[in-house]
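Visitor: I have a model open and some questions about it. Can you take me through them one at a time?

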Amino acid sequence: MQPRRFGRYYLLDRIASGGMGEIYAAVSRGPRGYGKLCALKTILPNTRGRRPDFAGRFHDEGRLVISMNHPNVVGVYEMGEVRDEASGLDEFYLAMELVEGRDVGQILTRCWRRHLQLPVAAALFVVREVLEALDYC
């Protein structure tokens, strides 16, 4: 993917895509060329037409998570919107901490393809970490 400008960010690579949004590896444009690598979560523009309440729920999510600080919860730096010149619509985004590595889904898929079971200790570790995050939230 060729880097694409998105407000004060450059979208470097799409990390994930779902029914209502996409997540990109991005870098912010700062003064004198300095930037910070982050993840940028966006709402797909066609989603808002189908789900008018989604923009409000996206903003509610941003307001809730931006104040959270826990090692098992991805940090959110800012939420905002960027005007899409082609459509004239505002595109909403959350700029978040970019966490390197594989996600649990990738690990489970790899185990399944190799006909392996996730070791019990690893499964318990993941469950414990998720529960700690949920308890914090």
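Visitor: By class, how many nonpolar, polar and charged residues are in the lining of the largest pocket?

Guide: Keep in mind that this model is predicted. The largest pocket is lined by 35 residues. Split by class, the lining has 7 charged, 4 polar and 24 nonpolar residues.

Visitor: Which element gives the largest share of the lining of the largest pocket?

Guide: Several elements give two or more residues to this lining, namely β2 (9-17), β3 (21-28), β4 (37-43), α2 (54-65), α3 (104-113) and α4 (120-136). The largest share is 7 residues, and it comes from α4.

Visitor: What is the volume of the largest pocket, and which residues are the closest to its centre?

Guide: The volume is about 1200 Å³. Of the lining residues, the closest to the centre are N72, V74, V99, R102 and D103.

Visitor: Is V127 buried, partly exposed or exposed?

Guide: V127 lies in helix α4. With V130, L131 and L134 it forms a nonpolar surface patch, and together they have about 370 Å² of accessible area. Buried needs under 20% relative accessible area and exposed needs over 50%. V127 has 45%, so it is partly exposed.

Visitor: Where is H115 found, and what is its phi?

Guide: H115 sits in the loop between α3 and α4. Its relative accessibility is 75%, so H115 counts as exposed. H115 is not a glycine, yet its phi is positive, at about 60°.

Visitor: How far apart in space are G18 and G105, C-alpha to C-alpha?

Guide: In sequence, G18 and G105 are 87 residues apart. In space, C-alpha to C-alpha, the separation of G18 and G105 is 14 Å.

Visitor: In what order do the elements of the protein run from the N terminus on?

Guide: The protein has 6 strands and 4 helices. From the N terminus on, the order is β-β-β-β-α-α-β-β-α-α.

Visitor: What share of the residues of the protein count as buried?

Guide: The C-alpha trace spans about 50 × 35 × 30 Å along its principal axes. The protein has 137 residues. Buried here means under 20% relative accessible area. The share that counts as buried is 28%.

Notes. Residues numbered from 1 in each chain as written. Predicted model: local features only at pLDDT ≥ 70, side-chain atom pairs only at ≥ 80, totals over all residues. Heavy atoms only, no water. 1 Å grid on protein atoms, 1.4 Å probe; cavity = no way out; pocket = protein on both sides within 12 Å on 5 of 7 lines; lining within 4 Å. Points joined across faces, edges and corners; volume = space filled by probe spheres on them. Nonpolar A, V, L, I, M, F, W, Y, C, P; charged D, E, K, R; others polar. Patch = residues over 30% accessible without salt bridge, like charges linked within 9 Å, V, L, I, M, F, W, Y side chains within 5 Å. Areas by Shrake-Rupley, 256 points an atom, 1.4 Å probe, with all protein chains shown as cover. Salt bridge = Lys/Arg side-chain N within 4 Å of Asp/Glu carboxyl O. Buried < 20%, exposed > 50% of the residue type's maximum accessible area, 1.4 Å probe, protein only.
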